[in-house]
Number of protein chains: 2
Amino acid sequence: MTQQDLQVAGIGNAIVDVLSHAEEDLLQQQDLAKGTMTLIDEARAERIYAAMGPAVEMSGGSAANTMVGVASLGGRSGFIGKVRQDQIGAIFAHDIRAAGVAFTNEPAPDGPASGRCMILVTPDAQRTMATFLGAAVGLGPEDLDRQMIEAAQVTYMEGYLWDMPPAKEAFLEAARIAHAAGRKVSLTLSDPFCVERHRESFLDLISGHIDILFANEAEIMSLYQTDSFDAALQQVRDHCEVAALTRSEKGAVVLGREEVHVVDAAPVAKVADTTGAGDLYAAGFLYGYTAGYGLYDCGRIGAIAAAEIISHFGARPEAPLKDLVAARL
Amino acid sequence: MTQQDLQVAGIGNAIVDVLSHAEEDLLQQQDLAKGTMTLIDEARAERIYAAMGPAVEMSGGSAANTMVGVASLGGRSGFIGKVRQDQIGAIFAHDIRAAGVAFTNEPAPDGPASGRCMILVTPDAQRTMATFLGAAVGLGPEDLDRQMIEAAQVTYMEGYLWDMPPAKEAFLEAARIAHAAGRKVSLTLSDPFCVERHRESFLDLISGHIDILFANEAEIMSLYQTDSFDAALQQVRDHCEVAALTRSEKGAVVLGREEVHVVDAAPVAKVADTTGAGDLYAAGFLYGYTAGYGLYDCGRIGAIAAAEIISHFGARPEAPLKDLVAARL
């Protein structure tokens, strides 16, 4: 693939997921807030891992999942993120390339181990995440593949990057590169706690740099500190060109400058694990957007991709999303 | 768990599986014989991995899967095997302990990396395996947990161990320890190519040391170099006390000194991946045997456990087998 014709470039934490079924009491015992992501250090990662049941390892990372989703839809995507040269890092790099995503970052020869996210899936199919960022912490402006960003119609970044100062700098630099090349910049708010941690600077970022915003109900309400989804919706309209606000089984609201679409969730026979729902919604939406679909259809493709990912364990598609969209759009 | 009351101790290669969906032409391109296990070196492992699609990592290893199955059935089991002190080794050790299996071997501080088995699952649900043994190669008599073997009603070993001279020595030493303690010794023939490689010494081993033998149709026919399953069945009767001969969807034949049982396969709605079918059959059978069930019921428990494992991706149970047996036996 030449980078001349990329649809989406994603920047995010390069992470391998460690997924396990868990009972609610394990969350309490490990002091993890259900449905959210907690950043942990290596010692706490060891403690949680020791307390977890048998697990399955699968490449993850929010923006990385989104880029794999774009590729699975038949789109051309690239990823920027940081692993260390170790066994976990080799798994991440193999899987993203094998999925057809361009990934040019070399693994760090030393420093912290590659990042891992322990994902506890409770019997209600909700996922609770504890992330040891590891080598992903080292992502900085020097890791940006400038050509990739200039080549992509949209550069997409996860809000989680805002937790580390060098990644935040990389984030802002990437937005500048993209805009200078006449491209669009997109952000997902990632997690309500992530919004809590960075509310003020997220507000500045969004009004100054973001063209396409993704958020779920809890995140957008936290951003604008309101109890009303409708009030948050009115505010975000003034701050970016496009916003896609997801509401789980209630579907999503997609806002453009002059249009509002209410898009239903796609049907799922049985929800097995909600891990990756937001990531794959963004994949479908951005694939549609960069392939020239209207905003309503972007929302529908997002819903179809999200429905596939929650029908099974893990945040990477099991079947080519391209075929699903061809059958269901 | 005290080792005083173990039902089964397993000895085998400690391996993490790298599972991926694959098309038939990848097998040809990588020169892998469909449905079998090929031993590969690290360089070939790198080549196959680079050619594979995105994968999922999950602890595996034939006898290790069997011990996890025994634990999932509510039985008390232990495992003896060798990993290196690395990320893959840590995954193996975590998963087997988290499944409730006693595992006392320390990881090797140096030497080859922990073993991996690349498993290519074709659209017909058949699995083809390429194994880089890595640290598992280092297993020798010094790694035997003597107390564990003496404590277990049955010591179970995989035929794959026979590929490495020190593991073969460990194998024979373990059989001596078990018999000296008045215990039973069990073997699975593992793979038809493994039988080809070691036919003569397997024949000596079986008549001299094995009480309970597991083999599938291809393996037992290769062992006795006959084209007839029935002829192989007549021969094996004279060589061990109990033999369980599996025939995929045709069920299994269980032979005792004075009894023969033909046991049907348990129904499966849809076969997703045959990885682990033999391992979990042995788990069910040995759990039943050491819990005091008759041979026919041992065969039925084996069939129920095998049916669970082939209904999903991977060789470790997704649901507690204990509950399935309670519902279906």
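Author: The contact between the chains takes 18 residues from chain B and 18 residues from chain A, where two residues are in contact if their C-beta atoms, placed from the backbone, lie within 7 Å. This is a predicted model, in which local features need pLDDT of at least 70 and side-chain atom pairs count only at pLDDT 80 or more, while totals for chains, interfaces and linings use all residues. Residues are numbered from 1 along each chain as its sequence is written, and chains are lettered from A and ligands numbered from 1 in the order in which they are written.

Reader: Which element gives the largest share of the side of chain B that touches chain A?

Author: H4(B), with 6 residues. Helix H4 (87-98) and strand E4 (56-60) of chain B are the elements that give two or more residues to that side. Helices (H or I, at least four residues) and strands (E, at least two) are DSSP runs, numbered from the N terminus.

Reader: How do E4(B) and strand E4 of chain A pair, parallel or antiparallel?

Author: Antiparallel, over 2 bridges; strands pair if DSSP finds at least two bridges between them.

Reader: And what is the bridge partner of Glu57(A) in E4(B)?

Author: Glu57(B).

Reader: Changing topic. At what angle do H10 and H11 of chain B pack?

Author: About 145 degrees, with the axes of H10 (residues 277-290) and H11 (residues 295-310) 7 Å apart. Axes are lines fitted to C-alpha atoms, for helices over the stretch in contact, and angles run from 0 to 180 degrees between N-to-C directions.

Reader: Which residues of H10(B) make that contact?

Author: Among them are Leu280(B), Phe285(B) and Tyr289(B), and the H11(B) side includes Ile301(B) and Ile304(B).
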